[in-house]
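Please take a moment to look over the sequence and the model below before reading on.

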Amino acid sequence: MAALLIILAALVLLFCGYVFYGSWLAKQWGIDPAKKTPAKETPDGVDYVAAKPAVLMGHHYSSIAGAGPINGPIQAAVFGWVPVFLWCIIGGIFFGGVQDFGSLFASIRHKGKSVGEIINDTMGAKAKKLFIIFALLVLILVIASFVNVVAGTFFTVAGSPVMFGLVSNPTNNQTTAMISILFIVLAVIYGIITNKCGLKTLPATILGIIGIVIVTIIGLNVGFAMSRNAWIVFVGVYIAVASLVPVWIMLQPRDYLSSFLLYAMMLVALAGILVNAFKGSSAIEFSIPAFTGWKTQAGFLFPTLFITVACGACSGFHSLIATGTTSKQLDNEKNAKAIGYGSMLIESALGIIALISVGVIWTQWKQGKFGSPSAAFGAGIATLFGKEGSGIYNTINALLTLAVSVFALTSLDTGTRLSRFMFSELFLKDGEFSWKDAKGIRKVLANPFFGTISMVVIGSVLGGLKLSQIWGLFGAANQLLAGLALMAVAAWLGQAGKNNKMFFIPMAFMLAATLTSLVLTVYKKIAAMIQGVQGALAWGNWFQLLFAAAMAVLAVILVIEGIQTFKKQKK
């Protein structure tokens with residue numbers, strides 16, 4: 001019953017946040033349904049393509065979700081369920097939702113341009129360049145983190161009878177891999193029949209859902225096997241291609257269809273929680289302690305909790321998606337609240353579901369039974385329906401594992417497309433709108449192919465590290481990006497004469513928490529190296545040290561620029 005009360009409380013609070021606070025934000029900023037959006041004003045058939053609200057909602061939500069709201073809350077549960085619950089709710093409504101909605105709105109009013117361009121208008125060209133460099137560093141970590149998650153979900157262990165090819169009686173990993181590959185094919189077919197054959201959204205959606213069922217049935221019976229390194233190469237090639245082709249071929253249809261998996265996953269989880277609550281004495285208990293202490297093996301609650309929960313409450317990556325792809329597809333400003341603010345609150349609800357999933361298998365999770373948070377999520381929800389090893393347990397566990405991998409792939413191809421935009425922006429001068437306008441070596445560096453290949457190769461190589469070596473750094477960088485995005489939008493709103501006061505507390509808190517985390521990372525790595533701790537000089541530790549130091553320095557410079565901008569606006 002405890003799990004049911006937790007999720008009901010979360011849903012009520014998030015709904016109230018959307019209705020009251022979200023509507024207040026829209027009124028304060030001046031959302032105007034009569035104003036043309038960039039997708040309607042400057043369509044290009046590649047990136048600027050107006051999408052139906054449901055389709056764009058699917059793209060945006062699938063892209064921002066990824067594996068973050070599942071991995072983060074589960075890892076942060078070591079502090080107890082109350083801190084995680086409170087941060088998901090408060091963070092989602094007053095931090096993450098404000099950032100996502102504000103970033104989307106600001107980008108719409110900047111012809112669909114990125115946060116970097118918004119900074120350029122308010123803080124200058126120097127700040128823009130520094131922000132883009134910082135954002136590219138974060139995107140490298142995004143690519144590395146989710147390449148690692150996907151490859152870890154798909155790969156066939158050494159010694160397996162089949163290391164490459166089709167497999168009968170597949171393992172969970174091989175099933176997930178097969179369905180994911182077929183899902184990509186299904187998305188391309190959907191994109192063609194809706195954009196080139198003129199099939200309407202409703203019948204196409206029905207066919208798409210039927211297609212999802214078919215590819216799932218195939219994957220449950222025939223798997224696909226490859227080694228972990230082979231999957232890293234496969235994913236790298238896929239995201240490179242997906243980021244370069246027009247959005248209607250892959251991005252829009254894949255994300256739209258994958259959103260149904262996400263919705264279904266959440267409904268299945270809610271059904272499991274509801275059914276379990278009324279089993280009486282046979283119900284599985286939610287056994288996470290309410291609060292375990294201000295310090296655990298993971299570190300101090302501040303800043304660790306706020307870094308670890310990540311996408312379940314606030315994520316800088318969302319601002320890049322909102323200003324990189326979503327703003328270029330929005331058909332009307334009136335839909336910005338539902339897509340920008342609403343999606344974040346749904347993601348917070350997913351974070352609470354992830355918290356409940358690990359709560360019902362808490363003892364096994366603490367004993368290290370599950371190799372990853374994603375595996376624990378699938379097992380936890382499946383446990384609500386049946387005993388481990390039963391048919392219903394295996395089926396639900398496989399489907400939930402599939403859903404997590406699909407979202408990770410979705411974040412990957414969106415993140416790679418974003419890196420393409422921002423890599424080009426880094427080498428363009430004012431007045432140059434594409435790589436074709438640049439001259440000399442800048443024309444080569446701003447070329448979409450050069451930027452895409454560079455980011456994919458770097459991210460994929462780093463994806464070979466252990467997830468533990470990437471995730472903590474990704475969390476800090478990602479949340480620091482959120483603080484900088486909040487600062488950028490606040491500066492723009494101030495310049496435009498609009499109310500920006502709702503940004504200052506979230507901005508200051510996120511900057512404080514993340515800079516503290518990065519400084520602690522640098523201190524710990526240097527201390528371990530000086531003390532001669534075994535393995536401290538491994539290249540993975542050097543990577544963490546240098547990356548953390550670089551991002552901290554860049555962030556401090558940008559914060560100084562921001563403070564100077566706010567001072568000028570007060571005069």
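## Basis of the values

This is a predicted model, in which local features need pLDDT of at least 70 and side-chain atom pairs count only at pLDDT 80 or more, while totals for chains, interfaces and linings use all residues. Residues are numbered from 1 along each chain as its sequence is written, and side-chain values use heavy atoms, with hydrogens and water left out.

## The nonpolar core

A nonpolar core is a set of buried Ala, Val, Leu, Ile, Met, Phe, Trp, Tyr and Cys residues joined through side-chain atoms within 4.5 Å; buried means under 20% relative accessible area, exposed over 50%, and partly exposed in between, with a 1.4 Å probe and protein chains only. The largest such core has 186 residues, and among its members Phe131 and Phe377 touch the most others. Helix H7 (residues 125-154) gives the most to this core, with 21 residues; helices (H or I, at least four residues) and strands (E, at least two) are DSSP runs, numbered from the N terminus.

Leaving aside residues up to four places away in sequence, Phe131 touches Val115, Gly116, Ile119, Leu320, Met422, Leu481, Leu484 and Leu558, where contact means heavy atoms within 4.5 Å.

Just after helix H21, Gly532 takes a positive phi of about 70°.

## A residue of helix H11

Gln252 lies in helix H11 and counts as buried, at 6% relative accessibility. Not counting residues up to four places away in sequence, Gln252 touches Val49, Ala51, Val55, Val247 and Gln329.

## Cysteines

With a disulfide taken as a pair of cysteine sulfur atoms within 2.5 Å, the count comes to 0 disulfides. The sulfur of Cys16 is 17 Å from the closest cysteine sulfur, in Cys88, which is too far for a bond. Cys16 is partly exposed at 33% relative accessibility, whereas Cys197 is exposed, with a relative accessible area of 58%.
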